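Hi there,

Here is the structure I promised to pass on to you. Have a look at it first, and then read my notes below.

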Amino acid sequence: MNSIFPERKFGVVVVGVGRAGSVRMRDLRNPHPSSAFLNLIGFVSRRELGSIDGVQQISLEDALSSQEVEVAYICSESSSHEDYIRQFLNAGKHVLVEYPMTLSLAAAQELWELAEQKGKVLHEEHVELLMEEFAFLKKEVVGKDLLKGSLLFTAGPLEEERFGFPAFSGISRLTWLVSLFGELSLVSATLEERKEDQYMKMTVCLETEKKSPLSWIEEKGPGLKRNRYLSFHFKSGSLENVPNVGVNKNIFLKDQNIFVQKLLGQFSEKELAAEKKRILHCLGLAEEIQKYCCSRK
């Protein structure tokens, strides 16, 4: 990215100013190489906020109809992503959306077709693939034969109505497993819930194309700290948890760099197709897990 004098800037609106949206606005306003290609025009929020750090709130209607706005960052609750993506693509805007882009596979496929039809970039953020821990794991598993593995993620309660079924709200963990071990298939899944205690535990049994078992568990409830526990056993030894590999710096900014490269046409068709295939595979698995758990209720 030669950013000293970009030829042009893309006007950006940020939709939803929670945790991710606030980080996105901060990155857009700071002098980073990719930010030089972007011009933050305003933000959209259901709350009446007026302005944040000098950035004006604008209505959804204005964001959709403004010629100035060419890009939308969708940082709202997951349940609203599909609708926002559709509206902005139909209005001829490029879209960056925080994961999961949708809460069903069919919706994702339809939106991807819409983006291709409109000739616009549709980018689903995956900051978990830009983390130091993931870079470490990727190096560790290369060329090794997996015998079995497990990944447990714990965190505080999360509202399913807003963030989707646990297989969707936790799709970044599934994305890790698929990115490390290739496409996976579902063997079985269970969901244990105690709504009155805000507790839930989803246990998923997956297998690799070589039939090695992988278990993925999401456990959420009051008092549970945000943590990842993993264990991978290979023919040549095992890996239990990731050592402290340093702080994750600017992962949202790294994601923005990737998005800007897409806007500038710097990704090959092959790379884009592989990424889309992985995203749709993970969304498809998440949906299958949801159906499996719901059929057992």
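A pocket here is an open set of points on a 1 Å grid over the protein atoms alone, where a 1.4 Å probe fits and protein lies on both sides within 12 Å along at least five of seven lines; the volume is the space filled by probe spheres set on the points, which are joined across faces, edges and corners. Lining residues have an atom within 4 Å of a point. There are 16 of them, and Trp-112, Glu-116, Lys-120, Val-121 and Leu-272 are the closest to the pocket's centre. Helix H10 (269-295) and helix H4 (105-118) each give two or more residues to the lining, with the largest share, five residues, coming from H10. Helices are DSSP runs (H or I, at least four residues), numbered from the N terminus.

Please keep in mind that this is a predicted model: local features need pLDDT of at least 70, side-chain atom pairs count only at pLDDT 80 or more, and totals for chains, interfaces and linings use all residues. Residues are numbered from 1 along each chain as its sequence is written, and side-chain values use heavy atoms, leaving out hydrogens and water.

Now the domains. An automatic or database domain assignment divides the protein chain into domain 1 (10-125) and domain 2 (129-245 + 284-295). Their centres, taken over C-alpha atoms, are 28 Å apart. Ten residues from each domain take part in the contact (heavy atoms within 4.5 Å).

Enjoy exploring!
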